[in-house]
Amino acid sequence: MSLYGMMRTGISGMNGQANRLSTVSDNIANSSTTGYKRASTEFSSLVLPSSGGEYNSGGIQTTVRHHISDDGSLRYTTSSTDLALQGNGFFIVSNANGTPYLTRAGSFVPDASGNLVNTAGYYLMGYPITNGNANPVANGYQGLEKVNIGQNDLIADPSRVGTFTANFPAGAAIVPAANLPSATATASAQYTAKTSVQTFDNLGNVVVLDLYMSKTADNKWEVTAYNHADAAATGGFPYSAAALRTENFDFDAVTGKLTSTDTSLSVNIPNGQTLELNFAATKQLAGDYTPIEVKIDGNSPSPIDNVDIGADGTVMAIYKNGAKRAIYKIALADVPSPDNLLVMSGNVFSTSADSGDVQIGFAGSGSFGSLSSGALEQSTADIAQDLTDMIEAQRNYTANSKVFQTGADLMDVLVNLKR
């Protein structure tokens with residue numbers, strides 16, 4: 001046995017326990033850090049070749065493991081821009097230079113420009129929603145933008161889609177063909193029921209549509225749309241302009257359900273877009289004409305008052321006039337081996353050769369976990385476990401120092417043999 005080898009083994013043991021104490025100190029220091037993932041030190045033995053009756057002591061090798069894939073518990077807050085993930089996935093963030101990183105630290109607040117930024121200064125990234133659609137890239141960061149909720153300019157959104165759900169009375173009288181609203185805009189027009197709906201043109205002006213429901217035959221109805229601005233002073237017929245659109249609908253005589261292949265009324269809004277008003281859920285049943293639900297998108301010019309973030313990551317702008325509009329969809333990223341991501345300052349991670357390539361998706365889809373607004377993922381550090389590990393590492397360090405001291409004492413004895 002080599003005395004130098006014994007001393008080197010003692011030093012190896014002390015270095016290993018020092019590494020363990022370093023990870024413990026990091027865990028304790030970050031026990032209150034949002035989205036922090038605990039670190040641990042794993043040991044493996046180093047064995048040197050031995051021959052005959054002589055044993056050569058080796059040492060230990062330490063590997064620091066970051067438990068990135070572990071979920072932390074949730075702490076709920078009052079801020080809608082505080083975000084937490086449960087399950088697979090990471091928020092995509094970028095620094096001031098635009099370099100993308102991954103993180104679970106979701107304590108985002110708007111900066112002076114309205115960009116959502118967390119406490120480490122990283123900007124939340126997402127896909128802008130255009131015409132109701134986001135265009136994600138599955139295996140890269142292209143197309144991502146900083147999520148900005150500080151759009152202080154007035155935004156007008158024209159109406160494009162809507163739903164109209166009602167009950168058309170099965171026992172209603174049939175309107176003569178010559179008097180249908182689709183046939184005449186004069187005072188002689190007849191109809192079964194009328195409902196006015198609010199839409200918006202390209203500039204955000206309100207355009208009211210008068211919808212006339214008329215029974216044309218058994219189980220057959222037509223819906224005709226007029227611009228309310230063309231109505232008489234009494235608010236109805238006669239109109240100074242022709243109807244904007246007419247659509248015919250057929251209903252099943254037994255179930256009362258709509259059987260037409262085309263279930264939408266397409267109306268060209270004056271100075272606006274084409275509105276697709278869906279009647280798919282409308283039925284013909286006994287009783288009176290009853291509007292059940294009418295929803296049409298669009299809004300008049302108004303600044304953003306607040307935002308609401310849905311479980312799928314959709315950032316919904318809430319305007320001061322009460323209108324809502326989807327403006328971003330928060331993207332999530334994942335890798336095949338999250339525990340092999342590179343840990344960077346600011347509680348962010350970067351991909352490595354061992355972690356695998358990044359995949360992009362949205363919360364609740366595929367293998368990605370769930371997203372909660374108004375919540376934060378807490379640190380996974382366990383103070384009780386870390387304090388226990390600290391005491392154990394301290395004792396082991398002391399024991400290894402005794403080995404080194406014993407080797408040093410024996411070395412003194414060997415050196416002094418000649419005296």
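This report describes a pair of helices and several individual residues in a predicted model.

The model is predicted, so local features are reported where pLDDT is at least 70, side-chain atom pairs count only at pLDDT 80 or more, and totals for chains, interfaces and linings use all residues. Residues are numbered from 1 along each chain as its sequence is written, and side-chain values use heavy atoms, with hydrogens and water left out.

**The two helices**

Helices (H or I, at least four residues) and strands (E, at least two) are DSSP runs, numbered from the N terminus. Two packed helices are described by the angle between their axes and the distance between the axes. Helix 1 (residues 3-29) packs with helix 2 (residues 383-415) at an angle of about 160 degrees, and their axes are 8 Å apart. This makes helix 1 roughly antiparallel to helix 2; angles over 145 degrees count as roughly antiparallel, under 35 as roughly parallel, 65 to 115 as roughly perpendicular and the rest as oblique. Axes are lines fitted to C-alpha atoms, for helices over the stretch in contact, and angles run from 0 to 180 degrees between N-to-C directions. The residues of the contact of helix 1 with helix 2 comprise 21 nonpolar, nine polar and four charged. Here Ala, Val, Leu, Ile, Met, Phe, Trp, Tyr, Cys and Pro count as nonpolar, Asp, Glu, Lys and Arg as charged, and the others, Gly among them, as polar.

Helix 2 has 33 residues and reaches 47 Å from its first C-alpha to its last, close to the 48 Å expected at 1.5 Å a residue. The expected span is 1.5 Å times one less than the number of residues. In helix 2, the residues D386, D389, A393, N400, G407 and M411 are buried (under 20% relative accessible area; exposed is over 50% and partly exposed lies in between, with a 1.4 Å probe and protein chains only). The buried residues of helix 2 pack against helix 1, where contact means heavy atoms within 4.5 Å.

**Residues in strands and loops**

The table lists relative accessible areas.

| Residue | Relative accessible area | Class |
|---|---|---|
| E247 | 13% | buried |
| N219 | 23% | partly exposed |
| Q273 | 30% | partly exposed |
| P238 | 40% | partly exposed |

E247 lies in strand 16 (residues 245-250). Beyond its neighbours within four places in sequence, E247 is in contact with W221, E222, V223, D262, S264 and L265.

P238 is placed in the loop between strand 15 (220-227) and strand 16. Most residues other than glycine have a negative phi, and most peptide bonds are trans. The bond that joins F237 and P238, however, is a cis peptide bond, with omega about 0 degrees. P238 and T184 are 54 residues apart along the chain, and their C-alpha atoms are separated by 8.7 Å. Leaving aside neighbours within four places in sequence, the contacts of P238 include A185, T186 and A187.

N219, in the loop between strand 14 (206-217) and strand 15, has a positive phi of about 65 degrees although it is not a glycine. N271, in the loop between strand 17 and strand 18, has a positive phi of about 60 degrees and is likewise not a glycine.

Q273 is also found in the loop between strand 17 (264-268) and strand 18 (274-278). Q273 and S159 are 114 residues apart in sequence and 6.6 Å apart in space, C-alpha to C-alpha. Not counting residues up to four places away in sequence, Q273 touches P158, S159, R160, N202, V267 and N268.
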